[in-house]
Amino acid sequence: MASGIEERASTSRTAISPDTAIASARFDDKDPLLEPCNAQCAWGSDAVAEMLRRLDVRYIALVPGSSYRGLHDSLVNYLGNRDPKMLVCLHEEHAVAIAHGYAKVTEKPMAVAVHSGVGLMHATMAIYNIWCARLPVVILGATGPGDAELRRPWIDWIHTAKDQAALIRNYSKWDDEPRSPQGVVESVMRAHQIASTQPYGPTYVCLDVALQEMPIEGDVKFPDVARFAPGLPPAPASEAVEQAAQWLVDAKKPVILMGRVSRSESDWQARIALAEALGAVVLTDMKTAASFPTEHPLHPIEPRFRPSPAVADILKEADVILALDWIDLKGQFHQTLGQNEPVPAKVIHCSVDRYVHNGWSMDYYGLPPADLPILSTPDMLVPPLLAAVRKLRATDAPAAPKWPTRKSVALPAPQNERTMTLRDLALVIREFRKGRKVTVPTYSLGWPSETVSFDHPLDYLGFDSGGGVGSGPGNSIGVALALKGSDRLVLAVIGDGDYAMASNAFWTAAHMEIPMLVVVANNRSYYNDVAHQERMAVVRGRPVANKFIGQEMIEPDLDIIAIAKGHGIDGEGPVERAADLAAALTRGEAAVRSGKTYLIDARVDVRIQDAARGEHTKGRQKSA
Ligand SMILES: Cc1ncc(C[n+]2csc(CCOP(=O)(O)OP(=O)(O)O)c2C)c(N)n1
Ligand SMILES: [Mg+2]
């Protein structure tokens, strides 16, 4: 397999018998590994550790804490710190963000351990992000002792909560607080099963201190985990597949909206074959990971964050729309057809997302009309739908395109010689990607998507989270961890605000030798919000020049590279010119190929963009 990922995935879910559990550890890092000094499953927390190994959980990201000192001991001394291997983090938010990135690639849960209520509180935003991304993680927490008689004075009291999971129940799929070592076995297995069942999501098991530290009396029975697999998502009803195929084949102007889909290469090929069998136009979304080759003739418009007028024209003309788990389908209709305007096309909507909707956050978006709702996943639907379409057409040959096909537009070279706009930066990165197998975990905000080019499901991993800034570093590390040892070069582009909030996540990458190239698109501001203040000023007739006040990170400038170096990461910058960035990327690649993380501080000049729009930005930057 080209990426190396699927090979590893294929070894997962192997049942390990109790006596071979430790002998068959497979962690293949070059670290000298600790020999387990006591392989006896003797304590409550040993049962938790044993289950993580049996469930083939490879890594556990954590910030330690006394509430789970029992579990920590089991990971080190019962398991020998392998399968799962610990990733020590400098903030709980990063621990979950790393698991999020890992799941973007593997669609499998890592474990995360967080200390009592305080660690869980630190983790909450990242848990919300992974919840919104519909990706799996198993979070282990701790509290107590629940029995007040066992609590140490002071500290155990402030770190004990009743119903600790209440902190995250509104944005997680399931939680539990098992009461015995035997109870732990089922609890951890269920947490893993539910997290890994689509729609994926976070689960949380809270372990009482006393339970972790109790000696196991008698035997704990460990089941064959292969008998508790999550199972495939629901297959689409055959009547629905036939109906969808008929509508799509009969359509004069069929459209496919490619939303949340798998990272599998065969699913990718099936989507191409379906679009070609229909001659349908395909639209893609920057919020979701790469889902279709951007340069394909049936993909006329670049992936969008928001629909352009050209997208609106297509949706107005469409007579059948196949929406494959598209994020915010109703929002897409509102932005293209008008608020609450009827959708002229017949809508086929394939998604299982509604199975996790609850009443707390509105991450379920508006309720879209669906003439044919299909409660299945895109990857379950596409192969039988393709077969049904081919049968109706009585051929496997591609259909003639029913829309004007893609016209490739030559992109200009970077426009500015002495400074760089974000677009200049994006053009350099586009050039750099050519001929290389690059995975981009994330781009910085406002990325000019006409510069992207994807032709593999691992080329880009999407922005489908809860929009919490500070996730980029952790997510990128998780992606690079999952791709470590593969033939892909990980190149993350993150904003300076995102970096500043979470720069200490990179220490874990340095410590664990997780290689990746990071470009900080450094506009020295929370520029997204500068744009909002500009809008307020325009609407209210107030001075636009004040829009930078309260938004900039200047005087002093953040020393992006010094911060990186302080966390053990090498790099260079500030790089101010597009020509210099190209050379810096090449140097960075060499460092990454030798196993290092390398970070480039790329200065993005937002004043040129403003000047081009005729705005004066007097308020800004003595230090420019
Ligand atoms: C935790 C959190 N705090 C604040 C925000 C509001 N916010 C959205 S984008 C943004 C700016 C991020 O800055 P940066 O990463 O530098 O990107 P830029 O907009 O400058 O390109 C902010 C503060 C948020 N989404 N999440
Ligand atoms: Mg910024």
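Colleague: What should I know before we start?

Modeller: This is a predicted model, in which local features need pLDDT of at least 70 and side-chain atom pairs count only at pLDDT 80 or more, while totals for chains, interfaces and linings use all residues. Residues are numbered from 1 along each chain as its sequence is written, chains are lettered from A and ligands numbered from 1 in the order in which they are written, and side-chain values use heavy atoms, leaving out hydrogens and water.

Colleague: Why is Asn523 called buried?

Modeller: Buried means under 20% relative accessible area, exposed over 50%, and partly exposed in between (1.4 Å probe, protein chains only). Asn523 has 12%, so it counts as buried. Ser525 is buried too, with a relative accessible area of 3%.

Colleague: And which class does Asp73 fall into?

Modeller: Asp73, found in helix 3 (residues 69-78), has 36% relative accessibility and therefore counts as partly exposed. By the way, helices (H or I, at least four residues) and strands (E, at least two) are DSSP runs, numbered from the N terminus.

Colleague: How do you know whether Val96 is buried or exposed?

Modeller: Val96 has 0% relative accessibility, so it counts as buried. This residue lies in helix 4 (residues 92-106). Leaving aside residues up to four places away in sequence, Val96 touches Val112, Ala123, Ala126, Ile127 and Ile130; contact here means heavy atoms within 4.5 Å.

Colleague: What about Thr451, which sits in a loop?

Modeller: The loop holding Thr451 runs between strand 12 (438-439) and helix 15 (472-483). Thr451 has a relative accessible area of 2%, so it is buried. Its contacts, not counting residues up to four places away in sequence, are Leu411, Ala426, Leu427 and Arg430.

Colleague: Why is helix 14 called oblique to helix 20?

Modeller: Axes are lines fitted to C-alpha atoms, for helices over the stretch in contact, and angles run from 0 to 180 degrees between N-to-C directions. The axes of helix 14 (residues 422-433) and helix 20 (residues 578-593) come within 10 Å and cross at roughly 40 degrees. That makes helix 14 oblique to helix 20, because angles under 35 degrees count as roughly parallel, over 145 as roughly antiparallel, 65 to 115 as roughly perpendicular and the rest as oblique.

Colleague: Which residues make that contact?

Modeller: Helix 14 brings Leu425, Val428, Ile429 and Phe432, and helix 20 brings Ala578, Leu581, Ala582, Leu585, Thr586 and Glu589. These divide into 8 nonpolar, 1 polar and 1 charged, where Ala, Val, Leu, Ile, Met, Phe, Trp, Tyr, Cys and Pro count as nonpolar, Asp, Glu, Lys and Arg as charged, and the others, Gly among them, as polar.

Colleague: How do helix 11 and helix 12 lie to each other?

Modeller: The axes of helix 11 and helix 12 come within 8 Å and cross at roughly 100 degrees. The two helices are therefore roughly perpendicular to each other. Val311, Ala312, Leu315 and Lys316 of helix 11 meet Gln332, Thr336 and Leu337 of helix 12.

Colleague: What makes helix 12 mostly covered?

Modeller: In helix 12 (residues 329-337), 7 of its 9 residues are buried. Those buried residues pack against strand 7 (254-258), helix 11 (309-317), strand 9 (320-324) and strand 10 (346-350).

Colleague: And what is there to notice about Asn340?

Modeller: Most residues other than glycine have a negative phi, and most peptide bonds are trans. Asn340 has a positive phi of about 60 degrees although it is not a glycine. Asn340 is in the loop between helix 12 and strand 10, and its relative accessible area of 57% makes it exposed.

Colleague: Where are the cis peptide bonds you mention?

Modeller: One joins Gln198 and Pro199, with omega about -5 degrees. Another joins Glu555 and Pro556, with omega about 5 degrees.
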